[in-house]
Amino acid sequence: MIVFTLNGKPQEIDADPQKPLLWVLRDDIGLVGTKFGCGEALCGACTVHVDGEPTRSCQTRIGDIAGKNVVTIEGVKGDVAQAVQKSWIKLDVPQCGYCQSGQVMAAIGLLSTNKKPSDSEIDDAMSGNLCRCCTYARIRAAVHEASRLLGA
């Protein structure tokens with residue numbers, strides 16, 4: 001039995017410790033907001049937070065998160081998450097939307113540690129999250145807008 005905290009609640013799961021966290025979240029627990037993209041930790045669609053750090057859930061084994069705190073797109077909360085969500089809506093960031101949960105999780109991770117990132121800091125932080133619709137300019141603008149909403 002693997003015990004961890006998921007979106008603020010204790011979670012126990014009886015799964016192969018080698019199973020990727022992504023598949024535990026989607027198939028075993030039913031949280032499908034986290035997306036499968038490449039399966040190689042290259043596209044960022046599967047980004048969740050593990051102990052506050054943006055983490056690719058497709059390459060994170062469930063056995064490695066025992067005792068840790070996992071937050072998915074369904075569980076984000078707080079000032080930074082609200083600012084990111086509001087800015088994403090205000091600037092109409094998503095196009096197809098498939099990558100957006102990973103983009104939002106990466107943006108929350110960035111703004112949690114850097115309330116006023118520069119363009120290059122945004123580009124660096126978001127570079128591991130790919131968008132097939134190429135909404136990168138809107139994503140950058142939304143991160144700046146979220147920063148403004150946070151008073152930075």
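Predicted model: local features only at pLDDT ≥ 70, side-chain atom pairs only at ≥ 80, totals over all residues.
How many of the 14 residues of helix H3 are buried? Twelve of them are, so H3 is largely enclosed by the rest of the structure.

**Helix H3**

Select residues 100-113, which make up H3. At 1.5 Å a residue, these 14 residues should span 20 Å, and the end C-alpha atoms are 20 Å apart, which agrees. Next, colour the buried positions of H3, among them Gln 100, Ser 101, Gly 102 and Gln 103. Further along H3, the buried residues include Met 105, Ile 108, Leu 110 and Leu 111. To see what lies over them, display S3, strand S4 (53-56), strand S5 (69-71), helix H2 (79-90), H4 and H5, which are included in the cover of the buried residues of H3.

Move to strand S3 (47-50). In a regular strand the side chains alternate between the two faces of the sheet. In S3, Thr 47 and His 49 point one way, whereas Val 48 and Val 50 point the other way. All four of these residues are buried.

Val 50 has Glu 53 in S4 as its bridge partner. Two residues lie between the strands of this hairpin, and Asp 51 takes a positive phi near 50° there.

S5 is also antiparallel to S3, with two bridges joining them. Select His 49 to find Val 71 of S5 standing opposite.

**Ser 57**

Continue to Ser 57, in the loop between S4 and S5. Is Ser 57 buried or exposed? Its relative accessibility is 0%, so Ser 57 counts as buried. Leaving aside residues up to four places away in sequence, Ser 57 touches Pro 20, Leu 21, Leu 22, Thr 34, Cys 46 and Val 48.

Select Trp 23 and Phe 36 together. The count of aromatic pairs comes to one, and these two residues form a tilted pair, 5.2 Å centre to centre with 40° between the planes. Trp 23 lies in helix H1 (residues 21-29) and Phe 36 in the loop between H1 and S3, so the pair ties together parts that are 13 residues apart in sequence. Trp 23 is partly exposed, with a relative accessible area of 27%, and Phe 36 is likewise partly exposed, at 34% relative accessibility.

Ala 41 also lies in the loop between H1 and S3. Although Ala 41 is not a glycine, its phi is positive, at about 65°. Ala 41 is partly exposed, with a relative accessible area of 28%.

**The cysteines**

How many disulfides does the structure hold? There are zero. Select Cys 131, which is in no disulfide: the nearest cysteine sulfur, that of Cys 99, is 3.8 Å away. The cut-off for a disulfide is a pair of cysteine sulfur atoms within 2.5 Å. Cys 131 is buried, with a relative accessible area of 5%.

Finish at Cys 134, for which the nearest cysteine sulfur, that of Cys 131, is 6.3 Å away; Cys 134 is in no disulfide. Cys 134 is exposed, with a relative accessible area of 55%. Its place is in the loop between helix H4 (119-126) and helix H5 (136-149). Cys 134 has a positive phi of about 60°, although it is not a glycine.

Definitions and conventions
Residues numbered from 1 in each chain as written. Heavy atoms only, no water. Buried < 20%, exposed > 50% of the residue type's maximum accessible area, 1.4 Å probe, protein only. Phe/Tyr/Trp six-rings, centres within 6.5 Å; stacked < 30°, edge-to-face > 60°. Helix = DSSP H or I, 4+ residues; strand = E, 2+ residues; numbered from the N terminus. Expected span 1.5 Å × (residues − 1). Contact = heavy atoms within 4.5 Å. Pairing = 2+ DSSP bridges.
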